[in-house]
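Q: Please take a close look at one part of this structure for me. I would like to follow its packing residue by residue.

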Amino acid sequence: MDTSTIAQLLEPYIQLDEQRLAAISKYIDLLLKWNARMNLTAIRGPEEMVQRHFGESFFAANHVLSQGRAKKIIDLGSGAGFPGVPFAMMASEAEVTLIESNQKKATFLRELIFLLGLKNTKAFVGRGESYTQTADVVTMRAVESFAKALPLVVQLAEPEGRVVLMISSAQVAEALGLEEKVEWSKPIAMPDGHSRVLLIGKNK
């Protein structure tokens, strides 16, 4: 997909420079290639990928990073790299770890990191419970077993660290109830008008 089309599709979410748009174009090509062989994402159309995956991830990254810089970022259950890779593209000074337990998906992430030349990013193959470090920003999007994963996200966040969830509006009440020790901000609706929100909390 050409960069002008990508820029147009991303307009409701964020405006990016030509370098990042070109990187997204490469990312989409690799994602489509791998998605033909294995289920990296249920979304198959490139245009919907740009809006749902890239648009929402860059919107979240831009919002979070505008509220304060990040030294270390962890993306739990990274899958096809969302939102971790867009965060890495926006925060070149941060050390970004993509945690993925599926070996094939982790192999995709490593190839993607190499393709995009993301020197600040690494993939950790394993479960989040096995990762011993913490970060000042921990992200999670569309993982299975939300109730089990949420306490782990909080565990991976440093004291005063930020917990960043990209979830459906229906999951907000569950998140607030599960983690009372997190100081949650008001949910932010995604620009696309769907029922997905950005929920950010501070670990007490």
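A: Happy to. This is a predicted model, in which local features need pLDDT of at least 70 and side-chain atom pairs pLDDT 80 or more, while totals for chains, interfaces and linings use all residues. Residues are numbered from 1 along each chain as its sequence is written, and side-chain values use heavy atoms, without hydrogens or water.

Let's begin with the helix itself. H2 covers residues 18-35 (helices are DSSP runs of H or I, at least four residues, numbered from the N terminus). One of its partners is H5, residues 103-116. The axes of H2 and H5 come within 10 Å and cross at roughly 150 degrees (lines fitted to C-alpha atoms over the stretch in contact, with angles from 0 to 180 degrees between N-to-C directions). That angle makes H2 roughly antiparallel to H5 (over 145 degrees). The crossing of H2 and H5 is right-handed (the near helix is turned clockwise from the far one by less than a right angle).

Now for the residues in contact (heavy atoms within 4.5 Å). On the H2 side, Ala23, Lys26, Tyr27, Leu30, Leu31, Lys33 and Trp34 take part. Facing them from H5 are Lys104, Thr107, Phe108, Glu111, Leu112, Leu115 and Leu116. By class, the residues joining H2 and H5 divide into 9 nonpolar, 1 polar and 4 charged (Ala, Val, Leu, Ile, Met, Phe, Trp, Tyr, Cys and Pro are nonpolar, Asp, Glu, Lys and Arg charged, the others polar).

The other partner to look at is H1, residues 3-10. Here the axes of H1 and H2 come within 9 Å, and they cross at roughly 100 degrees. H1 and H2 are therefore roughly perpendicular to each other (65 to 115 degrees). From H1, the contact draws on Thr3, Ile6, Ala7 and Leu10. H2 answers with Glu18, Leu21, Ala22, Ile24, Ser25 and Ile28. This contact of H1 with H2 is made up of 7 nonpolar, 2 polar and 1 charged residues.

Putting both contacts side by side, H2 runs roughly antiparallel to H5 and lies roughly perpendicular to H1. Along H2, Ala22 and Ile24 are among the residues that meet H1, whereas Ala23 is one of those that meet H5. Likewise, Ser25 and Ile28 of H2 belong to the contact with H1, while Lys26 and Tyr27 belong to the contact with H5.

Conventions:
Helix = DSSP H or I, 4+ residues; strand = E, 2+ residues; numbered from the N terminus. Parallel < 35°, antiparallel > 145°, perpendicular 65-115°, else oblique.
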